[in-house]
Amino acid sequence: MSFFRSLQDSAFTDWFLGSESIWTYPTVLTLHTIGMAILVGASFVVHLRILKVANGIPLQRLQQLYRFIWIGFIINLATGLVLFVTQAADRVVDPVFYVKIGSIAVALWFGVLVKRRAIDPGAASPGVTRQSRSLAAASLGLWIIAIVAGRLMAYLTS
Amino acid sequence: MRIRTRVSLAIAGFALASASVAAHHSFAMFEMDKDVDYRGVVSEWKWQNPHVHFTVDIKPGSGVDPKQVGRWDVEGGSINIMTRQGWTRASYKIGDPIRLVGHPMKDGSKGISLFYAIRPDGTRLYHDIARPKDDVSK
Amino acid sequence: MHDFALWVESTRISKALFDITWLWPLCESLHFVGLCMLIGGAGFLDLRLLGLFRGVPFRDVKALMPWAIGGFIVNATTGTLFLIMQPHLYLTSGIWWSKFTFIVVAGLNAAFFETRLAKPALALDPNADMPRGLKIAGAVSLFSWFAVLYCGRMLPYLGTGN
């Protein structure tokens, strides 16, 4: 517990949150939103296709969308870590934080399962199966939960 | 089923968490069209993003409304916006007397959304661009 | 603008809506979900116009458009609600007007695309290179929507500047 407190009360946090420059907190927060748009936006297109919307899109083409999913994820992992450090002690005891991180982890995992089962060329049963559609639907639902949890967290910051 | 269980667990956890949202900070939780005058002493001062945050202690005394006695959580805006309105990190410090006008919490708890502080010379330090209809001077 | 904002905030509808404590946070969450739908759908279209995802027929990309438009409608609605509840946060802010301008630019670009460029795009071979005009339309759209996002997110920091 005191490790997280030391992060939240660190000189870095004081500098980062106390800076009047828009290149510190405001920019990191905006990059986090941009990462979200790329990550969830790309996931949204993939899963819509799996759910039979835009049915004509060749499944293998969706592979390229995963590049954007990973780009968005890396931007948000990096910016998220910075933001976490500045609120570490508050977040580590916040259930909404765990809902957010848990939802992201499972949503990503389901996205990877979809890729392996329906999209990758060597897929055991290529094409869209009922299981793939369930995973896609669940993933979309979890992304929505992650977004809402992220918003609510802002209201629980002390 | 694995998927359904996980999603249900996530939703349940989320529902539990949202019950505690009433904590603080959504500015929708303040009565934004109520302006109340407070005079006290600064007991905490956090000049930081996303919100400048300080606490004000109001002690009982003559002329002090008993309902106001106690420690109040005052929430301001971002450093960037407040700086543009004339605030600085050094505007107040712990121990300074302060007079401010703000919007109280709807549920009656001791939280204030900062509207403006009033300097000893009577001029106002607004927290953002909002001005009351009767704005006399900045 | 300032007086107009104060007037709006004095109306019954503004007060009634803002009085619903959970409405503002709900609108914020919906606004974020909507932007993911919009940038996902429109972004995919724009990247296709820029030449990525070769082999995907244009007709199939367009089938995603109702979802992008759905995201836009969610955001236009929640955005309007924000404007009704707390107009003073927006109407006197240069950054908010920049956001609004980029929305108009993206919209005009989309209308131009629909009326002039959509037909030739649909006729293209899915494996062909994209002509210059389509690439420009895609680039303008992609840039505009991210500019909208940037301006919106920076509002509490760059907003209400003099």
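Is Asp96(B) buried or exposed?

1. Asp96(B) is buried, because its relative accessible area is 19% (buried is under 20%, exposed over 50% and partly exposed in between, with a 1.4 Å probe and protein chains only). The model is predicted, local features needing pLDDT of at least 70 and side-chain atom pairs pLDDT 80 or more, while totals for chains, interfaces and linings use all residues. Residues are numbered from 1 along each chain as its sequence is written, chains are lettered from A in the order in which they are written, and side-chain values use heavy atoms, without hydrogens and water.

2. The loop holding Asp96(B) runs between helix H2 (79–84) and strand S4 (97–104) of chain B (helices, H or I of at least four residues, and strands, E of at least two, are DSSP runs numbered from the N terminus). Among the residues that Asp96(B) touches are Gly40(B) and Ser91(B) (contact means heavy atoms within 4.5 Å).

3. The structure has twelve salt bridges over all chains (a side-chain nitrogen of Lys or Arg within 4 Å of a carboxyl oxygen of Asp or Glu). One of them joins Glu28(C) and Arg151(A) at 2.6 Å, N to O. This pair crosses between chains, from helix H3 of chain C to helix H7 of chain A. Both Glu28(C) and Arg151(A) are buried.

4. Asp37(B) and Arg99(B) form a salt bridge, with the closest N and O atoms 3.0 Å apart. Asp37(B) is in strand S1 and Arg99(B) in strand S4 of chain B, so the pair ties together parts 62 residues apart in sequence. Asp37(B) is partly exposed at 32% relative accessible area, and Arg99(B) is partly exposed at 28%.

Note on methods
Lists of a residue's contacts leave out its neighbours within four places in sequence.
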